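Dear colleague,

I am passing on the structure we spoke about, with my notes on it below. Please read them with the model open beside you.

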Amino acid sequence: MKKLMSLLMSLVLLIGIGVPGFTQDQDIVEIAVGNEDFSILVAALQKAELVGALQAEGPFTVFAPTNAAFEKLLAALDISAEDLLNHPQLKEVLLYHVVSGKVLSTDLSNGMTAPTLSGETIKVDLTSGVKINESSVVTADVMATNGVIHIIDSVLVPSTFKLNPEPEVPATVVDVALSNSDFSMLVSLLQKA
């Protein structure tokens, strides 16, 4: 009997060790950094300067896309990871994955909507598994010290996302002159006149 208990305890320890990065004594960012399946997400959070925000007290609910989810999006958009990381709407896309408060899988109901930190809402569909918009939750309720992570198989894309956003055009000639240091002499002369 002691041998069986010892074997079972060893098995429990091995299973626990086999899931890197999912320990309850880490915040959301520490869990993501500790799991190689989130390396693109971590790079995006760093580029968008959101690491500090997601290490705050929270609580937050994060729908975290894996590297495979990002690769699926990159293929669909026909862009590179570098293109995505330099996209002007990167921060907005990432904030679309975060809900204020701690929402566990047991708190979800079919048709439920929730506002994200980007300002847009996401919708829950429980008719065939758990879906957030069109993305399936593959692992739910990864507990963190400042919230919970639900791992998803597709990147959530807000309706306002534009692959090639129009460059912002200054409204007037004065705005053009003020926004370009090459015209500093002209601006100075016009101000004196």
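A residue is called buried here when its relative accessible area is under 20%, exposed when that value is over 50%, and partly exposed in between. By that criterion, the buried residues of helix 3 are Ile40, Leu41, Val42, Ala44 and Leu45, and they pack against helix 2, helix 4, strand 1, helix 5, helix 6 and helix 7. Please keep in mind throughout that this is a predicted model.

On confidence, the mean pLDDT of the protein is 81, with 79% of the residues reaching 70 or more.

As for the overall picture, the protein comprises 9 helices and 7 strands, and buried residues make up 35% of its 193 residues. Of the contacts between residues at least 6 apart in sequence, 62% join residues at least 24 apart. The protein exposes about 11,800 Å², of which carbon and sulfur atoms supply 59%.

The 7 strands form an open sheet with mixed pairing, in the order 2-1-7-6-5-4-3. Its edges are strand 2 (98–100) and strand 3 (113–115), each of which pairs on one side only. Strand 1 (60–65) pairs with strand 2 in the antiparallel sense over 3 bridges, and within that pairing Phe60 stands opposite Ser100. Strand 1 also runs parallel to strand 7, to which 6 bridges join it, and there the bridge partner of Ala64 is Ile151. Elsewhere in the sheet, strand 4 (residues 121–125) and strand 5 (residues 131–132) are antiparallel partners over 2 bridges, with Val124 bridged to Ile132.

How many residues of strand 1 are buried? The count is 6 of the 6, so strand 1 is largely enclosed by the rest of the structure. Both of its faces are covered, with Phe60, Val62 and Ala64 buried on one side and Thr61, Phe63 and Pro65 buried on the other.

The largest nonpolar core has 33 residues, and those that touch the most other members are Phe38, Leu41, Leu54, Val62, Leu84, Leu94 and Ile149. At least two residues of this core come from each of helix 2 (28–33), helix 3 (39–47), strand 1, helix 5, helix 7 (90–95), strand 6 and strand 7 (147–152). Helix 3 supplies the largest share, 5 residues. Apart from this core lies another, of 12 residues, among them Val103, Leu108, Ala114 and Val137.

In the loop between helix 2 and helix 3 sits Asn35, which counts as buried because its relative accessibility is 9%. The side chain of Asn35 reaches the backbone nitrogen of Asp37 at 2.8 Å.

Some backbone features deserve a look as well. Most residues other than glycine have a negative phi, and most peptide bonds are trans. Against that background, the peptide bond from Gly58 to Pro59 is cis, with omega near 10°, and Pro59 is found in the loop between helix 4 (51–54) and strand 1. Just after helix 3, Glu49 takes a positive phi of about 55°. Asp78, although not a glycine, has a positive phi of about 55°; Asp78 lies in the loop between helix 5 (67–77) and helix 6 (81–85) and is exposed, with a relative accessible area of 71%. Asn133 likewise has a positive phi, near 55°, and is placed in the loop between strand 5 and strand 6 (135–144). Is Asn133 buried, partly exposed or exposed, and what is its relative accessible area? Asn133 is partly exposed, at 25%.

With best wishes

Methods: Residues numbered from 1 in each chain as written. Predicted model: local features only at pLDDT ≥ 70, side-chain atom pairs only at ≥ 80, totals over all residues. Heavy atoms only, no water. Pairing = 2+ DSSP bridges. Helix = DSSP H or I, 4+ residues; strand = E, 2+ residues; numbered from the N terminus. Buried < 20%, exposed > 50% of the residue type's maximum accessible area, 1.4 Å probe, protein only. pLDDT = per-residue confidence, 0-100. Core = buried A, V, L, I, M, F, W, Y, C linked by side-chain atoms within 4.5 Å. Polar contact = N/O pair within 3.5 Å; in protein donor to acceptor, adjacent residues only side chain to side chain. Contact = heavy atoms within 4.5 Å. Areas by Shrake-Rupley, 256 points an atom, 1.4 Å probe, with all protein chains shown as cover.
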